[in-house]
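Me: I have a structure open and would like to learn how to read it. Could you take me through a few features, one at a time?

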Amino acid sequence: MTSGPPPEPAGAGRSARVLPASELVASARELLGRGQRLALVACHDDGDSLRAVYLFLGSRPERRDELHVLLDPARPEVPTTAGLCFPGGRFEREMHDLFGVVPVGHPLPRRLVRHSSWPAGWYPMRRGAGDPPPFAARSDPYPFLEVEGTGVYEIPVGPIHAGIIEPGHFRFSVVGETILKLKARLWFLHRGMERCFEGRRVADGVVLAERISGDTSAAHGLAYARAVEDALGWDVGPDVRRLRALVLELERITNHVADLGALANDAGLSVVNGHALALRERMLRMAERVTGHRLWRGAIHPGGVRLASLPDPRELAEVARGADEVARNALGNTTVRDRFEGTAVLRADDASALGCLGVVARASGIRVDARADHPACDLAVDPVVRDGGDVLARFLVRRDEVAASVGLVAVLSSEAGARLSLAHPAPREARPTSSGIGIVEGSRGTIVHRVEIDGELLARVKVVDPSWFNWPALPVALADTIVPDFPLANKSFGLSYAGNDL
Amino acid sequence: MTLSGAAGAVVQVAAVAAGSPMLVGWMRQVRARLEGRAGAGALQPYRELRKLAGKQDVTPEGTTAVFSLAPALVAGVMLVCAAVVPTVTVASPLDSIADLFVVVGLLLVATVALVLAALDTGTPFGGIGASRETTIAALVEPAILVAVYSLSIRASSSNLAAIVRATERRPGDVLTPAGALAFAALVVVIVAETGRLPVDNPATHLELTMVHEAMVLEYSGSRLAILEWAAAMRLAVLVGLLANLYLPAGVAGPRSGPVGIVLGVLAIAAKVAVLAGALAAAEVFVAKLRLFRVPELLAGSYLLGLLAVTAAYFLGPRRA
């Protein structure tokens with residue numbers, strides 16, 4: 001589209017306002033003051049102008065408010081919102097690295113997504129950015145804050161690790177065994193996902209969405225599908241929504257069971273992990289029977305859902321019993337309990353200031369769950385909340401969520417109709433350009449996708465994984481934790497690198 | 001010194017050197033089966049050693065002879081330990097130095113060599129591993145000394161062969177409160193000394209939690225193979241010593257013929273297999289302690305040793 005007003009809001013309950021840049025901070029403050037959270041900031045290159053979209057979500061009553069700011073492409077600048085909320089400052093750094101939008105007055109305007117060997121002044125999300133120019137052989141230094149003092153030393157770890165895990169670099173400043181400061185450097189997995197969506201047909205986007213973060217395929221696929229349906233005014237009806245919720249809960253069980261075992265394994269109790277891995281394998285085989293894919297892929301698509309069968313309730317009950325046994329065996333071991341208790345405490349005020357979501361937030365006493373806050377179907381979900389904020393609390397939240405999800409799956413499957421593959425035709429009169437958002441509670445937390453569609457093609461897809469909000473909380477929780485407890489703390493957060501790096 | 005003793009000593013070193021990787025493989029296999037896994041088989045460590053021996057050695061930049069020589073020194077010390085610790089025979093020609101304090105000292109030499117090599121790499125992991133290993137070693141060595149000392153009171157000698165012989169003459173003597181306390185203390189220190197759960201986790205891939213593995217992180221190829229082999233020998237020697245201190249049956253003496261020596265090998269192999277199997281089985285149910293709890297465990301072991309000494313004086317059987 002050309003410069004002018006942004007697309008009309010298409011989704012239910014969503015407002016959008018175009019503002020001059022000078023009014024952004026005041027409006028954002030007002031929305032945040034109402035208890036809404038900054039869920040997403042997406043920059044758009046509309047050809048002859050740049051546009052920044054700020055999405056604020058609120059719950060009880062549910063609210064979705066967008067602020068659009070048009071920017072001068074020659075000198076794109078936004079006033080910083082870093083002083084209002086922490087995620088705002090990080091979204092602005094991302095926007096700077098990918099679009100070259102300068103956050104004016106940002107307290108720490110360092111690069112975030114852009115690695116040091118990226119050529120300066122090349123903004124890959126701008127139109128006409130083209131293929132990446134040759135990367136610099138010698139990279140600029142990446143300044144880590146140096147902690148000084150007697151006996152203080154640094155431990156660099158990664159991005160290549162001894163186990164088969166995703167890449168991330170961690171820089172510990174340590175005295176003795178106590179962590180004084182941790183800096184996590186990510187974005188080694190930046191694949192340009194958002195760029196890959198551009199120009200795809202709407203129906204083809206879901207395949208990509210399912211590959212944003214491998215173990216939350218269904219949740220990302222669903223967020224994408226909901227965003228597209230929101231944009232096109234595509235009503236899919238309650239049956240589709242309930243079958244989708246079923247897949248989502250099954251994926252949650254799969255991931256949580258694996259996490260319970262992995263936590264015990266990091267405390268050295270591998271026998272419990274073996275049991276948990278066997279349970280996970282049963283869930284993966286169930287996935288193959290239910291969706292035709294071991295990672296719950298291919299079931300959810302814009303306009304409908306396609307299941308091969310319903311999960312076997314007996315098998316699910318066995319998995320639930322097994323998960324309970326895993327948790328009991330892990331916590332029954334006094335050494336494991338000692339390792340979990342009081343380790344890496346994330347206080348509730350820190351968690352809410354950083355904008356944490358999902359399991360991490362709920363384990364710190366914050367009641368945030370998109371299934372309750374932004375319900376997509378008439379399913380009563382009572383979020384599991386603990387207030388310990390330590391590894392144990394995060395373990396227990398997962399344990400209880402497995403049980404709760406098994407209950408939800410039982411309800412959803414018993415009420416499911418005979419038809420498991422349902423597809424609604426797309427609405428006839430689609431607007432030439434339209435936008436939509438999809439909100440889904442994945443196993444890690446709230447996923448938000450925002451799409452803009454031009455005709456039949458995707459103009460822009462902005463993806464925010466909960467890991468993006470939760471990564472900054474890890475160093476905060478680790479202050480005064482000892483080095484050998486880091487893997488346990490990291491595992492209890494269970495964050496996605498791929499979902500964060502995109 | 002007898003010819004039989006000399007032959008026994010040679011066989012003893014050969015048995016420890018050749019058999020120790022199988023001991024490691026056996027413990028892993030026991031664990032795997034108990035955890036419901038198939039396991040790689042007891043011979044897997046040999047395959048790993050062969051693989052490592054065929055690989056290129058990488059020497060990190062800036063390291064000195066300390067780094068290059070440490071593996072040979074550690075392995076050499078372990079071979080000497082294998083020769084002096086009475087596993088197959090109590091009549092080794094090195095009997096005169098088969099002293100409790102010498103063996104503990106030798107183990108410490110190997111530990112110090114490895115710690116210095118880890119520091120020589122200049123990497124943080126080497127430093128972390130070295131620092132943790134030193135902390136543990138400082139607590140383990142006195143505990144091991146005190147525990148074995150309590151057993152030496154009966155034999156009126158700190159010579160290990162003499163202690164084993166004394167037990168061989170009167171096997172019932174170890175079934176005292178002192179013996180039991182010392183046994184508990186020894187098990188704990190052997191677990192710590194060989195870097196097993198709950199002190200260290202040899203199976204972990206988490207660099208930040210490692211102790212022994214962090215120290216050898218920079219080694220590769222044949223040097224790593226030597227270090228792995230030496231670690232296996234350390235385990236074999238310590239488990240073998242524990243077995244013979246409490247159940248010396250079958251150990252070869254100064255006048256044993258070839259048959260006696262073969263029987264000695266078979267006896268120690270069986271005892272070590274049972275004891276190590278029990279240790280591996282117990283490990284299944286044990287999680288790794290928080291690092292700062294390890295000193296508490298080792299202090300407890302030292303205390304048990306001290307109680308064993310006290311009990312040996314006050315409650316021990318009357319010596320003739």
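Me: Let's start with a proline. Where is Pro61(A) found?

Reply: Pro61(A) sits in the loop between strand 3 (50-58) and strand 4 (63-71) of chain A. Helices (H or I, at least four residues) and strands (E, at least two) are DSSP runs, numbered from the N terminus. Before we go on, this is a predicted model, where local features need pLDDT of at least 70 and side-chain atom pairs count only at pLDDT 80 or more, while totals for chains, interfaces and linings use all residues. Residues are numbered from 1 along each chain as its sequence is written, and chains are lettered from A and ligands numbered from 1 in the order in which they are written.

Me: What kind of peptide bond joins Arg60(A) and Pro61(A)?

Reply: General idea: most residues other than glycine have a negative phi, and most peptide bonds are trans. Here, the bond between Arg60(A) and Pro61(A) is cis, with omega about -5 degrees. Chain B has a case too: Leu197(B) and Pro198(B) are joined by a cis peptide bond, with omega about 5 degrees. Pro198(B) is in the loop between helix 7 and helix 8 (212-215) of chain B.

Me: Are Trp187(A) and Ala344(A) buried or exposed?

Reply: You count neighbours. A residue is buried if 20 or more other C-beta atoms lie within 10 Å of its own, exposed if 12 or fewer, and partly exposed in between, with C-beta atoms placed from the backbone. Trp187(A) has 20 C-beta neighbours inside 10 Å, so it counts as buried. Ala344(A) has 25, so it counts as buried as well. His424(A), with 15 C-beta neighbours inside 10 Å, counts as partly exposed.

Me: What is His424(A) in contact with?

Reply: Two residues are in contact if their C-beta atoms, placed from the backbone, lie within 7 Å. Leaving aside neighbours within four places in sequence, His424(A) has contacts including Trp234(A), Asp235(A) and Gly303(A). His424(A) and Asp235(A) are 189 residues apart along the chain, yet their C-alpha atoms are separated by 7.7 Å. His424(A) itself belongs to the loop between strand 12 (421-423) and strand 13 (433-441) of chain A.

Me: On to helices. What span should helix 2 of chain A have?

Reply: The expected span of a helix is 1.5 Å times one less than its number of residues. Helix 2 (residues 86-99) of chain A has 14 residues and should span 20 Å; its end C-alpha atoms are 20 Å apart, which agrees. Of those 14 residues, 13 are buried, so helix 2 of chain A is largely enclosed by the rest of the structure. Gly100(A) follows this helix, with a positive phi near 75 degrees.

Me: Which residues of helix 11 of chain B are buried?

Reply: An α-helix has 3.6 residues a turn, so residues three or four places apart point the same way. In helix 11 of chain B, the buried residues include Val294(B), Leu298(B), Ser301(B), Gly305(B) and Ala312(B). Down the axis, the buried residues of this helix fall within an arc of 155 degrees (taken from the directions from the helix axis to the C-beta atoms), so they line one face. On the other side, Glu296(B), Tyr313(B) and Phe314(B) are exposed. Helix 5 and helix 7 (177-193) of chain B are among what covers the buried residues.

Me: How do helix 5 and helix 6 of chain B pack?

Reply: Two packed helices are described by the angle between their axes and the distance between the axes. Helix 5 (residues 124-155) and helix 6 (residues 160-169) of chain B pack at about 65 degrees, with their axes 9 Å apart. Axes are lines fitted to C-alpha atoms, for helices over the stretch in contact, and angles run from 0 to 180 degrees between N-to-C directions. The contact residues include Leu151(B) of helix 5 and Ile163(B) of helix 6 of chain B.
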